[in-house]
Amino acid sequence: MGEGRYDRAITVFSPDGHLFQVEYAQEAVKKGSTAVAVRGKDYVVLGVEKRSIAKLQDPRTVRKICMLDEHICLAFAGLNADARILVDWARRECQSHRLTVEDPVTVEYIARQIATIKQRYTHSLGARPFGIATLIVGFDPDSTPRVFQTDPSGTYSSWKANAIGRSAKSVREYMEKHYTEDAVATEEGCIKLALRALLEVVQSGSKNAELAVMERGHALRILASDELDKYVKEVEKEKEAEAAEKKKKGALGTS
């Protein structure tokens, strides 16, 4: 079998240990809309890039942020059709857990179950991997905020802040540089960090962005366009002030 044929079957490893179909699914994620998640002290924030839609299309039918349970929500990057199937399955799993155990799921539990389903499709004949990555955020029954990521290979991991989709690496590097416990101690701090990170790759400000905030003990809240506009203007002013300060320091250093 030539090396170029190892991508024709999901269950066949290449000689150097690659599963090409899984890697192709990860490439589909990289072409998807950017999504970010930030975990604060009492808040979790999801931000997603909104792609332009047809003039006559109903925007309510194009959602990148989905509720799984009253205390857990999910954002995804990748193939919308795959996400719809996985989200529907996760919602049923959350309700089944409530009926069986009489307790809500933890964020890690549903992240692990989603990752298990994804992994199952990496070694099944007649199937292909899910072409999506997910950011799953929410609060555990003890009110601890959590952020988890899953990818097409079936792995999952916990994060303080993370990004998936287009230009995820540069967005993640930005958050690594600017994330501190003090910066995310308040709702405003969490929102601004998520928005600043998202604006690293999203153009046109609030028109192409959507943010959702979940507070301990409260339901998910999608920021209205006017509220999002206000935060975008504040972030842009802060960026201008930082640029002016940096320019001033540079001028003093050369004088």
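Glu-188 is partly exposed, with 39% relative accessible area (partly exposed lies between buried, under 20%, and exposed, over 50%, for a 1.4 Å probe and protein chains only). The structure is a predicted model, in which local features need pLDDT of at least 70 and side-chain atom pairs count only at pLDDT 80 or more, while totals for chains, interfaces and linings use all residues. Residues are numbered from 1 along each chain as its sequence is written, and side-chain values use heavy atoms, with hydrogens and water left out.

The side chain of Glu-188 meets that of Lys-192 in a salt bridge of 2.9 Å, N to O (a salt bridge places a side-chain nitrogen of Lys or Arg within 4 Å of a carboxyl oxygen of Asp or Glu). The two residues are 4 apart in helix 5, and are therefore separated by about one helical turn (helices, H or I of at least four residues, and strands, E of at least two, are DSSP runs numbered from the N terminus). Lys-192 is buried, at 12% relative accessibility.

A salt bridge also joins Glu-238 and Arg-196, with the closest N and O atoms 3.3 Å apart. This pair links distant parts of the chain, since Glu-238 belongs to helix 6 and Arg-196 to helix 5, 42 residues apart. Arg-196 counts as buried at 9% relative accessibility, whereas Glu-238 is partly exposed at 28%. Through shared partners, salt bridges join Glu-188, Lys-192, Arg-196, Glu-234, Glu-238 and Glu-242 into one network.

The structure holds 20 salt bridges. One of them connects the side chains of Arg-63 and Glu-210 at 2.7 Å, N to O. Arg-63 lies in the loop between strand 2 and strand 3 (65-69) and Glu-210 in strand 9, so the pair ties together parts that are 147 residues apart in sequence. Glu-210 is buried, with a relative accessible area of 10%, and Arg-63 is partly exposed at 40%.

The largest nonpolar core has 30 residues, and Val-38, Met-175, Leu-195 and Leu-211 have the most contacts inside it (a nonpolar core is a set of buried Ala, Val, Leu, Ile, Met, Phe, Trp, Tyr and Cys residues joined through side-chain atoms within 4.5 Å). Helix 5 gives the most to this core, with 7 residues. A second, separate core of 21 residues includes Leu-74, Ala-83, Leu-86 and Phe-130.

In helix 1 (residues 20-30), the residues Phe-20, Val-22, Ala-25 and Val-29 are buried. The buried residues of this helix pack against strand 4 (72-78) and strand 5 (132-139).

Technical notes: Contact means heavy atoms within 4.5 Å.
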